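Please read it alongside the sequence and the coordinates.

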Amino acid sequence: PEWVVAQLELAQIGEARTATQALERLASSVRFVASAVEASSNRGKPLAAYSAIGADELLPAITWVVIQANPPGLARALWFVERYADEDLLRSEMGYAFANVSAAVDFAKSTLTSAAPLEGLISKSDFERGVKTAALTHKAVDAARREDARQLRLLF
């Protein structure tokens, strides 16, 4: 159930109205992912043998959750957080969650150039639609960073 809750938390990122709300969603999702990974890695072990998880176990799981959730508005929310979040929040658990989700998105964006790694999980047409949407989103974020209103109007 933690995997599902993590995806649901992430899927609601588009509803955030402030950078703090977006960070809270990210942190909540990452907490559920961490809980699921820890439970999975310690399953069947006696309590004395339990071990904590690290970024090496957490980041691939976050990447999987991001891909599965495919949350609308995630790129926009990450840009909004990067631009407007309070610096103190970015040095907290929420900032750690933001950094991990951003890294997961960057990894997925740079490595998933075909549907082959996702065979059986997503149709080729859904993948291609997602690639087109991601490319437009990337262009929109770049235009927003440059404060290029003309380019933004052309995209929408």
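In this predicted model, glutamine 7 has a relative accessibility of 19% and therefore counts as buried, the cut-off for that class being under 20%. The points below set this residue in its helix and then turn to proline 71, which lies in the loop between α3 and α4.

**Helix α1 and its buried side**
- Helix α1 spans residues 2-11, and its buried residues are Ala6, Gln7, Glu9 and Leu10.
- Because these residues cover an arc of only 160 degrees around the axis, they fall on the same side of α1.

**Glutamine 7**
- Glutamine 7 belongs to helix α1, and, when residues up to four places away in sequence are not counted, it touches Trp64, Val65, Gln68 and Ala69.

**Proline 71**
- Proline 71 counts as buried because its relative accessibility is 10%, where the class requires a value under 20%.
- With residues up to four places away in sequence again left out, proline 71 is in contact with Leu10, Ala11, Ile13 and Val66.
- Although proline 71 and leucine 10 are separated by 61 residues in sequence, their C-alpha atoms are 6.3 Å apart in space.
- Leucine 10, touched by proline 71, is also one of the buried residues of α1.

Terms used. Residues are numbered from 1 along each chain as its sequence is written. This is a predicted model: local features need pLDDT of at least 70, side-chain atom pairs count only at pLDDT 80 or more; totals for chains, interfaces and linings use all residues. Side-chain values use heavy atoms; hydrogens and water are left out. Buried means under 20% relative accessible area, exposed over 50%, partly exposed in between (1.4 Å probe, protein chains only). Helices (H or I, at least four residues) and strands (E, at least two) are DSSP runs, numbered from the N terminus. The arc is that of the directions from the helix axis to the C-beta atoms. Contact means heavy atoms within 4.5 Å.
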